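Keep the sequence and the model open while reading.

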Amino acid sequence: MIETDYLVVGAGASGVAFADALVTEADVEVTLIDRRSTPGGHWSDAYPFVRLHTPSAYYGVNSLPLGRDRVDVVGENAGYYERATGTEVREYFAVAAERLAGTGQVRILAEREHVGQDVDGELVRDLRTGAVEQVVVRRKVVDARYLEASVPATHTPTFAVDARARVVPINDLPTVADSVSLYTLLGSGKTAVDACMWLLDNDVSPERIRWVRPREAWFHDRAHFQPLEQVGAIMQGISLDAEAGAQAEDLEDMLARLEESGRLVRIDPSQPATMYRSTMLSARELYALRRIDDVVRLGRVRRIEPDRIVLERGAVETGREVLHVDCTAGGLRDAPATPIFQPGRIVLQQVRHNSPTFNAALTGFIEARHDGDTDKNRLCPPNPYPNSTDDWPRMTSRTWRTERRWLSDADLAAWVSQSRLNLLRALPEHLDEPPVQDAVKRYLTHVGTAIERLQQLSSLERAGEQHPSNQGMR
Ligand SMILES: Cc1cc2nc3c(=O)[nH]c(=O)nc-3n(C[C@H](O)[C@H](O)[C@H](O)COP(=O)(O)OP(=O)(O)OC[C@H]3O[C@@H](n4cnc5c(N)ncnc54)[C@H](O)[C@@H]3O)c2cc1C
């Protein structure tokens, strides 16, 4: 039998970042368990050419830098802060876990699955032996799997596949690509973008690629997510959000403003876009993706047969020589909001948007330094991941309201301002630069009105009200 103060279920980025922040602040004993054999969560099963889409500078755990804050000079990320490869992220979490274990406060148990509880404690199955162990938790069980990512290598596709059709997850693309003449990529999101970019970068001409996009997506311009010396760009992006939010007549008008300002982009501006998953593209990626003309917009794939693909709203011909690449895994999980701090339990969720590991560390800090779930939940309210543009007003206004609460707590505000996971941490050092001053001024001018306006838009969306102008967006 194991005894521990905290049992963290899930040793992905969130679980490890939470534990790191907690033990930095509190003399407690933490046990992290995961089904997987190594820490790092979904990164262990990522496709070989995956890399962070955000800079390494503000990803990972609070106590350990990831990368060296270099600005890339060549390639599609030239001029922007380095982004770790999948291998680098996995190695990083291995080191982070080792350091945690070295504190003597943290025990990491791989290949262990949380299977429930009985009257005496939590039940954890050792996946190597099948034995179920009891874990007595003195303080809290931390659910670090509530937002568990769904990735191509481990998800089950929602469409049927005829045995004679060639379908592979994106993970297999590099090993089979040599034998392929035509490709059909399935999926609208970042994974499909990565597959397209890998093919184009490997000299596959755009004419050999068909792209099945059930929904059109909005992406951020990566330029607005550059920290440290370029932090003004982040502030500028946030100020454009505030301006668009304050002035928006409705959701469609807000998106038009965000597109007009360059804050959001879509691959084909002639198509209405409804998908928004907080992902980003560089200008070079956008230019390359626009070279793919054969786009199928007939909804989700239902079935892949040897000679045709059956979709929600029709079918298209295909052939046995075509390789279908599955990029349809959901990625971020759309779990409903639930209080983060509950009696005997913490459920890790998004708080500030676009900052998953910051949020986990923030939750660990608040757990260590604050008393009472009411106060903790006030500072750390859940903010579900977005799925569509309908979620943008709620997500953005909730982030701003929560950030204001942090400022009212000196201890927390100091932690936020110094955290390496805070994408705005270098802002104070750049406040004398005129573009940064302009962005801060624009943000401060608009944020109050934007919060109110976005809350209105968000409740209209929830109530299902149809603005005549919204109808094209659905
Ligand atoms: C391809 C991809 C790229 C991304 N890139 C970025 C990026 O660049 N920047 C960024 O900020 N975010 C990015 N994200 C968002 C990403 O979700 C987070 O960065 C983070 O890695 C998620 O970690 P997690 O711990 O919440 O979830 P996961 O990585 O899914 O970890 C959850 C863990 O819980 C374990 N688990 C589940 N159930 C149990 C159980 N019953 N018992 C034991 N263990 C269990 C699972 O095995 C898993 O290891 C990306 C996401 C994806 C899918």
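A charge sits over a ring if NZ of Lys or CZ of Arg is within 6 Å of the ring centre and within 35 degrees of the ring normal. This is a predicted model: local features need pLDDT of at least 70, side-chain atom pairs count only at pLDDT 80 or more, and totals for chains, interfaces and linings use all residues. Residues are numbered from 1 along each chain as its sequence is written, and side-chain values use heavy atoms, with hydrogens and water left out.

Q: How far from the ring centre of Phe358 is Arg352?
A: Arg352 lies over the face of Phe358. Its distance from the ring centre is 4.8 Å.

Q: Why does Ile366 count as buried?
A: Ile366 sits in helix 8, residues 356–369; helices (H or I, at least four residues) and strands (E, at least two) are DSSP runs, numbered from the N terminus. Buried means under 20% relative accessible area, exposed over 50%, partly exposed in between (1.4 Å probe, protein chains only). Ile366 counts as buried because its relative accessibility is 0%.

Q: Which residues is Ile366 in contact with, leaving aside neighbours within four places in sequence?
A: Contact means heavy atoms within 4.5 Å. With those neighbours left aside, the partners of Ile366 are Phe341, Lys376, Leu379, Cys380 and Leu412.

Q: How many residues does the largest nonpolar core have?
A: A nonpolar core is a set of buried Ala, Val, Leu, Ile, Met, Phe, Trp, Tyr and Cys residues joined through side-chain atoms within 4.5 Å. In soluble globular proteins, nonpolar side chains tend to be buried together. Here Val30, Phe93, Leu173, Trp211, Leu362 and Leu412 have the most contacts inside the largest core. Its size is 83 residues.

Q: How many residues are in the second, separate core?
A: This core includes Ala57, Trp218, Trp392 and Tyr443. Its count is 38 residues.

Q: Why is the pair of Tyr59 and Phe93 edge-to-face?
A: Rings of Phe, Tyr and Trp (its six-membered ring) pair if their centres lie within 6.5 Å; planes under 30 degrees apart count as stacked, over 60 as edge-to-face and the rest as tilted. The centres of Tyr59 and Phe93 are 6.4 Å apart. The pair is edge-to-face because the planes stand at 85 degrees.

Q: Where in the chain do Tyr59 and Phe93 lie?
A: The pair links distant parts of the chain, 34 residues apart. Tyr59 is in the loop between strand 2 (30–33) and helix 2 (86–102), and Phe93 is in helix 2.

Q: Are Tyr59 and Phe93 buried or exposed?
A: Ring pairs link both into a cluster with Trp43 and Tyr92. Tyr59 and Phe93 are each buried.

Q: Which residues come nearest to the ligand?
A: A residue is near a molecule or strand if one of its heavy atoms lies within 4 Å of it. There are 25 residues around the ligand. Those that come nearest are Ser14, Asp34, His53, Thr54 and Tyr59.

Q: How far is a polar side-chain atom of Ser14 from an oxygen atom of the ligand?
A: A polar contact is a pair of N or O atoms within 3.5 Å; within protein, one must be able to donate a hydrogen and the other to accept it, and residues adjacent in sequence count only if both atoms are side-chain atoms. For Ser14 and the ligand oxygen, the distance is 2.6 Å.
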